[in-house]
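Thanks for coming, everyone. Please look at the slide, and I will walk you through a few places in turn.

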Number of protein chains: 2
Amino acid sequence: MQDVEFTVENSKLWILQTRSGKRTAKSAVKIAVDMVKEKKISKNQAILRIDPNTLDTLLHPSLDEKSELEVIARGLPASPGAVSGKVVFSSDEAERLNDTMQNVILVRVETSPEDIHGMHAAKGILTSRGGMTSHAAVVARGMGRPCVSGSSEIEIDYKNKIFKTKNREINEGDIITIDGSTGRIILGEVKTVKPEISGDFSKILDWSDKARKLKIRTNSETPYDSKIAREFGAEGIGLCRTEHMFFDEERILSVRQMILSKSKEDRDKALEKLLPHQKNDFIQIFKIMSGLPVTVRLLDPPLHEFLPKNKSEIDDVAKSLSLSNEEVQTRIDELHEQNPMLGHRGCRLGISFPEIYEMQCKAIFEALIECKNQKIKPIMPEIMIPLVSTEAEIRIMKELVIRIAAEIQNKNRTKIKFLVGTMIELPRAALKAKDIAKHAEFFSFGTNDLTQTTFGISRDDSGKFLNDYIENKIFDIDPFISIDDGVGDLIQFAASNGKKQK
Amino acid sequence: MQDVEFTVENSKLWILQTRSGKRTAKSAVKIAVDMVKEKKISKNQAILRIDPNTLDTLLHPSLDEKSELEVIARGLPASPGAVSGKVVFSSDEAERLNDTMQNVILVRVETSPEDIHGMHAAKGILTSRGGMTSHAAVVARGMGRPCVSGSSEIEIDYKNKIFKTKNREINEGDIITIDGSTGRIILGEVKTVKPEISGDFSKILDWSDKARKLKIRTNSETPYDSKIAREFGAEGIGLCRTEHMFFDEERILSVRQMILSKSKEDRDKALEKLLPHQKNDFIQIFKIMSGLPVTVRLLDPPLHEFLPKNKSEIDDVAKSLSLSNEEVQTRIDELHEQNPMLGHRGCRLGISFPEIYEMQCKAIFEALIECKNQKIKPIMPEIMIPLVSTEAEIRIMKELVIRIAAEIQNKNRTKIKFLVGTMIELPRAALKAKDIAKHAEFFSFGTNDLTQTTFGISRDDSGKFLNDYIENKIFDIDPFISIDDGVGDLIQFAASNGKKQK
């Protein structure tokens with residue numbers, strides 16, 4: 001599709017210049033499909049004529065224009081999609097609220113690499129400064145987060161945690177909606193319309209499905225996300241992070257009791273309270289994913305991530321465990337880590353506290369049996385042991401999974417198929433993939449953690465020097481955005497050595 | 001040398017049993033040398049008949065028995081050597097005082113893996129509980145730290161930071177001396193006698209020198225340690241950690257000014273104040289090591305390690321920089337890292353703040369020229385760029401070193417030989433050793449950091465699960481004590497690929 005500039009001079013047509021025409025995602029799709037209809041190009045050519053990044057705009061919710069909208073300001077449409085959430089002014093606060101399952105909009109004058117964790121945690125990003133290629137805009141598009149950038153109509157006051165528009169004052173915690181497709185900033189929560197895959201877009205996706213070799217699964221740990229993903233064509237769940245199920249308000253107290261209890265008995269009691277919740281989550285997800293594979297990762301983050309952070313939370317958990325606040329505080333201090341990324345997490349928790357992984361396996365297998373009893377076509381459960389670095393870890397953890405599976409199958413006089421595998425996310429795991437594969441029935445690759453350990457760079461802290469590294473051309477691109485060559489060597493080594501074993 | 005049990009019955013000699021005779025290190029040495037003299041064994045056999053671990057006892061200072069000693073209690077002679085220092089009751093306090101160059105004796109009821117950092121920081125260790133194979137005893141011997149264990153004659157009160165003997169009360173901060181060779185605990189500082197290598201011991205060491213293939217250099221960053229090491233036969237310095245020179249009381253304020261200053265101008269001023277100190281340290285060390293190689297590592301730890309930790313220190317630095325305490329506190333907060341082990345450190349500092357490495361190189365080259373002017377036989381300087389993971393980092397840092405070297409050589413119209421190399425201490429550096437070797441003239445291996453990143457285990461935090469790992473036989477031995485097989489694979493790969501390039 002070409003833009004053509006021409007003129008007519010003395011009845012003669014002059015073609016001055018021509019170039020590829022700029023077009024929206026929707027037009028690009030229509031033009032490509034039309035040209036196939038006109039037999040000008042093949043279906044595969046049609047696919048290649050569409051920039052896949054732009055299709056993003058067709059996959060995000062848009063505002064329900066039938067609702068009444070109070071637009072309070074406008075900015076640049078930096079990253080498509082409409083989303084509502086509580087206003088926060090710092091990345092730490094965004095992360096804190098996200099951890100407690102609250103939707104937030106991160107509002108900053110501009111963002112920097114130090115805000116990455118907050119941008120991850122936020123559902124949408126709003127800045128008062130910076131264009132379509134500002135840090136906020138580029139990173140938000142990369143993450144698929146809606147973003148309105150450079151809204152000079154808002155004035156941010158970090159100190160008082162407030163932003164002002166011409167007529168309104170918005171405090172931290174107030175709900176706003178941003179529409180990254182049009183640049184509108186709207187007061188309150190607005191209904192959004194789910195994107196539909198139909199017409200020409202649906203055709204392009206069908207043709208792509210026929211040409212592609214890669215299969216695609218979703219990350220999901222909620223029934224809601226699982227349902228959307230399946231509607232969008234996900235071929236299973238590739239990573240269901242069970243810890244996200246622990247943060248729910250109803251459960252977090254039991255989680256804290258489990259962590260802070262002083263005896264195995266108390267811990268078991270707390271775990272018993274968690275079991276039905278986790279089982280119920282799995283039943284819902286397994287129903288939605290019926291017939292597809294679901295990879296469930298057992299508890300991964302260090303326990304201190306779940307701990308109470310303020311006095312009233314400490315009061316609650318101390319009271320519930322009949323402990324003094326000092327005792328709770330002491331335990332919190334004990335769990336503090338110098339380098340939590342390299343700390344007591346992943347399968348190291350399963351080794352130290354097997355009862356936690358046992359409860360999780362019980363929840364998975366009881367959920368599988370419940371689905372079977374309800375005559376639902378079974379999923380293929382893949383139980384993932386995280387952060388393995390030695391053969392012994394996966395062997396011991398696999399024995400645990402098999403033991404719990406046997407207990408529950410015997411009790412219910414039924415058989416369940418399942419796989420046990422691991423995520424290769426540490427250099428040593430990649431180096432010893434051949435030994436680990438003796439016990440693992442599948443490998444996933446955790447490239448974020450693998451990049452952190454291979455480089456010895458904490459993603460949380462890299463903001464302090466990443467700019468210097470990009471300016472000095474040491475990194476062409478942030479290795480957390482595009483996989484590094486050295487990390488790639490490890491992945492290749494692990495894949496090929498794992499396959500040699502099995 | 002055999003113990004023989006015999007009896008004479010009815011004028012007949014009966015040999016009942018015989019076994020290898022237990023002997024002290026000194027006797028083992030004498031017996032081995034005597035048997036060579038009597039031509040019963042070869043010199044190499046003599047060496048192999050001595051347990052090298054026991055020789056440690058001959059290499060530690062012993063108490064000057066001519067001094068008057070007030071022995072206040074006794075315990076087990078768990079790890080040889082005599083040492084004096086301030087009493088501390090926690091590993092964190094031991095580390096804190098050690099960071100400010102104070103000698104401490106760590107006093108604990110017993111130690112656990114969580115105390116490793118404190119045992120490293122302490123000059124000696126005293127416990128009230130545990131035998132010759134207790135954690136404290138085993139680890140202290142491994143580290144070569146004097147230790148008196150299981151002294152039931154002392155009663156430790158952590159809360160009041162005090163320990164009581166029959167007649168005395170010792171407070172935190174009081175000075176005591178422990179003698180790990182005899183188990184004595186003595187009030188106050190006692191003169192010690194340096195060990196001498198002479199007689200039979202000296203012979204065994206001479207014979208070993210002829211048989212050995214490995215060369216041995218020392219870790220040292222002070223003239224004092226360098227002198228002792230050279231007297232003990234060190235063939236150079238393998239690691240001179242320049243940051244230790246920053247902690248001296250006279251300098252730490254300038255270091256803090258350098259870190260906290262807001263402009264490059266202020267930073268340069270602070271660095272100028274540090275230059276003569278660092279240069280003077282190097283001159284002294286280079287004189288002592290005359291004729292031998294000295295590997296100097298440029299600044300490695302994250303800057304926040306140098307920051308003021310209490311209010312009076314903050315006051316001092318704020319005043320000296322005409323900043324408010326809040327401004328200083330804000331900068332301290334900015335420098336805080338989630339995972340300092342994976343943070344803004346090593347050559348990442350050299351990339352962000354080249355002026356720091358420039359000052360250090362100036363100090364090294366000016367010291368070399370000063371030594372040359374004094375007609376001292378030159379050392380071979382090996383300048384080590386720490387924490388390299390990419391070819392670009394070593395290339396850029398090497399250019400900096402060469403530029404400073406050229407400036408100083410031109411100014412002084414003289415030539416200096418030197419090498420620039422790196423420490424391979426990250427998995428990616430090992431994987432890309434061939435590329436890094438294009439610019440590196442030597443490799444060292446930093447196995448502590450390499451083990452931490454290869455396993456994804458922070459040594460500081462591993463105490464929480466290391467016992468579980470040893471009980472479950474996941475680790476046969478702590479990988480920070482004996483190099484792991486997977487880490488070994490990386491070292492082998494790096495050594496062989498580095499040599500392929502050069």
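Start where the chains meet. Of the interface residues of chain A, 100% are also interface residues in chain B, so the copies meet through the same surface. Contact here means heavy atoms within 4.5 Å.

A word on the ground rules. This is a predicted model, where local features need pLDDT of at least 70, side-chain atom pairs count only at pLDDT 80 or more, and totals for chains, interfaces and linings use all residues. Residues are numbered from 1 along each chain as its sequence is written, chains are lettered from A and ligands numbered from 1 in the order in which they are written, and side-chain values use heavy atoms, with hydrogens and water left out.

Now, how are the copies related? Chain A superposes on chain B by a rotation of 180° with 0.0 Å of shift along its axis, at an RMSD of 0.2 Å. The two copies are thus related as by a two-fold rotation axis. In chain A, the C-alpha nearest that axis belongs to Asn339(A), at 2.1 Å. The superposition is by least squares, on C-alpha atoms of residues with pLDDT of at least 70 in both copies.

Next, two helices of chain A. Helices are DSSP runs of H or I, at least four residues, and strands are runs of E, at least two, numbered from the N terminus. α8 (residues 223–231) and α10 (residues 264–288) of chain A pack at about 5°, with axes 9 Å apart. They are therefore roughly parallel (angles under 35 degrees). Pro223(A), Ser226(A), Lys227(A) and Arg230(A) in α8(A) meet Gln284(A), Ile285(A) and Ile288(A) in α10(A).

Over to chain B. Ser261(B) sits in the loop between α9 (249–260) and α10 (264–288). Is Ser261(B) buried or exposed? Buried, with a relative accessible area of 4%. The terms: buried is under 20%, exposed over 50%, partly exposed in between, with a 1.4 Å probe and protein chains only. Ser261(B) touches Asp266(B), Arg267(B) and Leu321(B), leaving out residues up to four places away in sequence. Leu321(B) is 60 residues from Ser261(B) in sequence, yet their C-alpha atoms are 7.3 Å apart.

Last stop, His60(B). This residue lies in the loop between α3 (52–59) and β3 (62–63) of chain B. His60(B) counts as buried, at 15% relative accessibility. Its contacts are Pro80(B), Gly81(B), Gly144(B) and Pro195(B), again not counting residues up to four places away in sequence.

Technical notes:
Axes fitted to C-alpha atoms, helices over the stretch in contact; angles between N-to-C directions. Parallel < 35°, antiparallel > 145°, perpendicular 65-115°, else oblique.
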